[in-house]
Amino acid sequence: MAKMIIQEIDSQTREQALQLSGSMIVSRGRIHALRELPGYCVLIGRNVEATIYYCCQDGECEIVSLNSCVENIGAGSALIQIVLEEAVRQACSRVWLITSNDNTKAIRFYQKRGFDLVAMHRDAITEARLLKPSIPLTGYDGIPVRHEIECEYRLSW
């Protein structure tokens, strides 16, 4: 396998990154246009194989999207670590994210990396479908996709 390179998403990688992640995410009732957010990507050869987008504001950093085509090579963990470091640089008190109730694999992944489950926003994804109708009704393992699960990583300096 070619070497894994991590870099900021830039004009040369943005379109390929958006193909992996999609262009829009809804979290906590807010639409995020990924094209407008900062992020990082993992390149293997010339291909974008993983992406992370984030938004720091009001002393908090939201991981808006994390996607990876490759597993078990540390790409997702490395991208999270970069965002944690950026959040510290921007004096954020926490890094948080939303995943869907059906995504038990992601919930395990984040907990293994020090994130805590802090909230379940009942029917938030049902409501998000009004903003993004392409959100599927049924997700992993045939589980109805209805709720947002909020995870956070507390930062201290």
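This is a predicted model: local features need pLDDT of at least 70, side-chain atom pairs count only at pLDDT 80 or more; totals for chains, interfaces and linings use all residues.
**Helix 1**

Select residues 14-21, which form helix 1. Colour Arg-14, Ala-17, Leu-18 and Ser-21: these are its buried residues. Now look down the helix axis. The buried residues of helix 1 fall within an arc of 100°, so they line one face of the helix. An α-helix has 3.6 residues a turn, so residues three or four places apart point the same way.

What do the buried residues of helix 1 pack against? Show strand 5 (47-57) and strand 6; both are their packing partners. Then step to Gly-22, which follows helix 1 and has a positive phi, near 90°.

**Strand 9**

Select residues 148-154 for strand 9. Five of its seven residues are buried, leaving the strand mostly covered.

Strands 7 and 9 run antiparallel, joined by seven bridges. Pick Arg-94 to find one of the pairings: its bridge partner in strand 9 is Arg-154.

Leu-117 stands opposite Cys-151 of strand 9.

**The largest pocket**

Centre the view on Leu-66, Thr-99, Asn-103, Ala-106 and Tyr-140. Of the 46 residues lining the largest pocket, these lie nearest its centre. The pocket has a volume of about 1,400 Å³.

Finally, colour the lining by residue class: 20 are nonpolar, 16 polar and ten charged.

Note on methods: Residues are numbered from 1 along each chain as its sequence is written. Side-chain values use heavy atoms; hydrogens and water are left out. On a 1 Å grid over the protein atoms alone, a cavity is a set of points where a 1.4 Å probe fits but cannot get out, and a pocket is an open set with protein on both sides within 12 Å along at least five of seven lines; lining residues have an atom within 4 Å of a point. Grid points are joined across faces, edges and corners, and a volume is the space filled by probe spheres set on the points. Ala, Val, Leu, Ile, Met, Phe, Trp, Tyr, Cys and Pro count as nonpolar, Asp, Glu, Lys and Arg as charged, and the others, Gly among them, as polar. Buried means under 20% relative accessible area, exposed over 50%, partly exposed in between (1.4 Å probe, protein chains only). Helices (H or I, at least four residues) and strands (E, at least two) are DSSP runs, numbered from the N terminus. The arc is that of the directions from the helix axis to the C-beta atoms. Contact means heavy atoms within 4.5 Å. Two strands pair if DSSP finds at least two bridges between them.
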